[in-house]
Amino acid sequence: MSFDTLAPHYRWLEAAIAGPILQRARLAHLAVLDQAQHILLVGEGPGRFLRALRARRPDAQLTVLDASAAMLRQARRADPSPRTTLVQADLRTWTPRADAPRWDAVVTHCVLDCFAPESLHRVVNTLAAAAAPRADWLVTDFTVPPQRGWRRLRARGAHALMYGTFRLVTGLEARQLTPPDSNLQRAGFSLAARRTFNHGLLQADHWRRTEEIH
């Protein structure tokens with residue numbers, strides 16, 4: 001699974017698929033990060049959220065984790081701050097360095113929906129273990145509205161098209177959406193806020209953990 005080939009085209013593809021709505025969803029809970037000092041951004045892509053976060057939090061220590069070297073180069077152009085550390089690694093096998101901080105916040109925008117159920121479980125557990133006992137987690141993903149009707153049918157059609165295209169171009173692991181909610185709950189996180197966009201096609205969540213699970 002590699003987004004290197006997609007990296008030069010990601011911005012216009014995002015604009016074609018979701019217009020400005022995806023960035024609005026990413027920024028929906030940005031204020032949650034105002035008190036976090038160590039923030040982990042996973043699968044940041046070309047750095048649109050990173051740039052907005054750095055403008056709001058010039059003093060924060062940010063770590064950007066991505067499997068794609070091409071995406072990380074774009075992220076560096078978006079935020080050249082020495083307070084931002086770039087890490088190239090496959091999230092399915094990544095473990096934090098022994099001297100890494102326990103991150104106060106984790107951000108996964110359009111990342112968790114890339115994984116099949118078994119990998120998703122492992123990824124969420126790894127990120128949860130890397131987070132501080134009291135931590136916030138922002139999740140933005142495409143989703144399927146629970147109610148029957150045209151919105152649900154539209155979302156399913158859009159998902160089929162996106163997953164088919166991304167599997168072909170990037171070798172995407174997932175074949176369909178696996179909601180991460182139950183994995184996050186088992187890792188000790190509770191849903192604090194949820195916003196939906198584009199008639200339920202996009203979902204922006206704020207999850208929070210208030211004590212460590214043993």
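**Stop one: a histidine in a strand**

Start by selecting His 109, which you'll find in strand E4, residues 103–109. Keep in mind as you click around that this is a predicted model.

Is His 109 buried or exposed? With a relative accessible area of 7%, His 109 counts as buried, because the cut-off for that is under 20%.

**Stop two: the aromatic pairs**

How many aromatic pairs does a search of the whole structure find? It turns up two.

For one of them, select Trp 94 and Trp 103. Their rings sit 6.2 Å apart, centre to centre, with 45° between the planes, which makes this pair tilted. Both of these tryptophans are buried.

Next, select Trp 137 and Phe 189. Here the arrangement is edge-to-face, with 5.2 Å from centre to centre and 85° between the planes. Colour the chain by secondary structure and look at where the two partners come from. Trp 137 belongs to strand E5 (residues 131–142), while Phe 189 is in the loop between helix H7 (181–186) and strand E6 (190–197). The pair links distant parts of the chain, 52 residues apart. Trp 137 and Phe 189 are both buried.

Key:
Residues are numbered from 1 along each chain as its sequence is written. This is a predicted model: local features need pLDDT of at least 70, side-chain atom pairs count only at pLDDT 80 or more; totals for chains, interfaces and linings use all residues. Side-chain values use heavy atoms; hydrogens and water are left out. Helices (H or I, at least four residues) and strands (E, at least two) are DSSP runs, numbered from the N terminus. Buried means under 20% relative accessible area, exposed over 50%, partly exposed in between (1.4 Å probe, protein chains only). Rings of Phe, Tyr and Trp (its six-membered ring) pair if their centres lie within 6.5 Å; planes under 30 degrees apart count as stacked, over 60 as edge-to-face and the rest as tilted.
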